[in-house]
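Have a go at each one before you read its solution.

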Amino acid sequence: MNYRFQFGVVWDNFHELLEGAWLTFQLGVFAFAGGALIGLFCAAVKTYAPRPFRFIVDAYVVFITNTPALIQIYFLYFGLPEVGLRWSNEACLLIGLTLNAGAYLTLILRAGFISARITEIEAGQTLGMSLLQQVRYIIVPHIAKAVYPALANFFIVVLVMGTSVGALIGVDELTGQAINLSSVNYRWLEYFTVVAGMYVVLTFIASIGLALLGQWAFRVKARIF
Amino acid sequence: MAHLAVSDVRAKYGSLEVLKGISFSIEKGEIAALVGPSGSGKSTVLRALMGLTPITEGSVEIASERMNYSSAKEVRAARDRMAIVFQAYNLFQNMTVMQNLTLAPLKIKKWPKAEVEAEARRLLGLVGLSDKADAYSDQLSGGQQQRVALARGLALKPQILLLDEVTSALDPELVGEVLDAIGKLAAEGMTMVIVSHEMGFVREVADKVVFMDAGQIVESGAPAEIFDAPKTDRARDFFSKVLRH
């Protein structure tokens, strides 16, 4: 093996990789946040709503969790234009990832709804809380705390595995940027070594941030290492 | 004029009638104790007063004002006038002791912050927990949690305090500290309805004892009458078992 590593060309274009990493981070955050809203809504429907509504949510969750994310995004990007719906590649990626995350987060948040303690809710009622106040002060904090570790793990999944699918429809997130740059100068090995390191750093920063957020907001004792 | 007048209250769980016409009344500053075997409906009386178990018939009057339990909105009038403390404390686990006490006065009543916090500190002092304001419930013993629940109930300045077997979930060693706190409230003139199995304590603080069985009041009267000279066989049988200990 007499391969000679040449990282110089990677460093020359490093700012483009950083831009890709920033886009990856934004996509991860927005897809997760949107997915969390969908998940919260669907989990509430599954817990409180009548059967037909629960069935619709079940169908959504089953459909999304049993098909590859890539297929879902291809469906939006290559499929929908056939019927006249044309969105940019970034929009397709973000919408696809959000819908995908929403289904998984429905399952995660549902566990939180089930574990919400009826006793605390009754205590809130007798103190005069309205339904909305019960949700805000008792149910949501309870869910957030109960399922926080699972939520944090899933954010990492969206951030790394979800967003990198974008490379296949030409979104210039971190993986996409790496493919673009290395196709110009054929330094695949160097680029992907550096990019792998950047993903690790990105998830490491996200993990620390999430652990601190969890400790601050919900007193979740998370171990970073 | 009775401060709290409960007249012929009936309640059902599904098709099972659990309260079959309950009537009793207490004056301001008095303490009524509901006693009787498990499943007799004692706790259900308190839950019905708070609007947690629907009342199918009968009426509840507080200071001559009839309470309306017909909707979640109407039931607030009853919840404004009474507070309940549960057997299992039911503290908000994601909040500190101070937040547990101040949440309802601040967010629901919109009372001024400085006043609410001063009152919360006074109440924590009353139940002997001044140093635990910033603790979370999982950092407290059962007896401490129950005293916090007591203070939380008082933070909304209720006219009547309902205590639902507040010492039943506690280690024997911790029962005393909770009973001490309730004794202090009694001395302050708080009107209370308590469900309890602590017969010695009931005899000491209650003005009136109501003995219930199978969703009905079997007999009621002053503690000495009920405990020492019960008129009915059912009451005699029950007290001969519980008072022997």
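**Exercise 1: the sheet of chain B**

In this predicted model, strand β1 (residues 4-13) of chain B pairs with β2(B) in the antiparallel sense, over eight bridges.

*Solution.* Start with the order: the open sheet has four strands, arranged β2-β1-β4-β5 (chain B), with antiparallel pairing. To get your bearings along β2(B), find I22(B), which stands opposite V9(B).

**Exercise 2: two helices in chain A**

Decide how α2(A) and α7(A) are oriented relative to each other.

*Solution.* Take the angle first: helix α2 (residues 14-48) of chain A packs against α7(A) at about 125°, with the axes 9 Å apart. Angles of 65 to 115 degrees count as roughly perpendicular and those over 145 as roughly antiparallel, so this pair is oblique. Their crossing is right-handed. Now pick out the contact residues: α2(A) brings T24(A), L27(A), G28(A), A31(A) and F32(A), while α7(A) brings F155(A), V158(A), L159(A), G162(A) and T163(A). Sorted by type, that makes six nonpolar, four polar and no charged.

**Exercise 3: where the chains meet**

Which elements give two or more residues to the side of chain A that touches chain B?

*Solution.* The contact takes 17 residues from chain A and 18 residues from chain B. On the chain A side, the elements you want are α6 (118-126) and α7 (131-164). The residues on that side split into seven nonpolar, six polar and four charged.

Definitions and conventions:
Residues are numbered from 1 along each chain as its sequence is written. Chains are lettered from A and ligands numbered from 1 in the order in which they are written. This is a predicted model: local features need pLDDT of at least 70, side-chain atom pairs count only at pLDDT 80 or more; totals for chains, interfaces and linings use all residues. Two residues are in contact if their C-beta atoms, placed from the backbone, lie within 7 Å. Ala, Val, Leu, Ile, Met, Phe, Trp, Tyr, Cys and Pro count as nonpolar, Asp, Glu, Lys and Arg as charged, and the others, Gly among them, as polar. Axes are lines fitted to C-alpha atoms, for helices over the stretch in contact, and angles run from 0 to 180 degrees between N-to-C directions. Angles under 35 degrees count as roughly parallel, over 145 as roughly antiparallel, 65 to 115 as roughly perpendicular and the rest as oblique. A crossing is left-handed if the near helix is turned anticlockwise from the far one by less than a right angle, and right-handed if clockwise. Two strands pair if DSSP finds at least two bridges between them.
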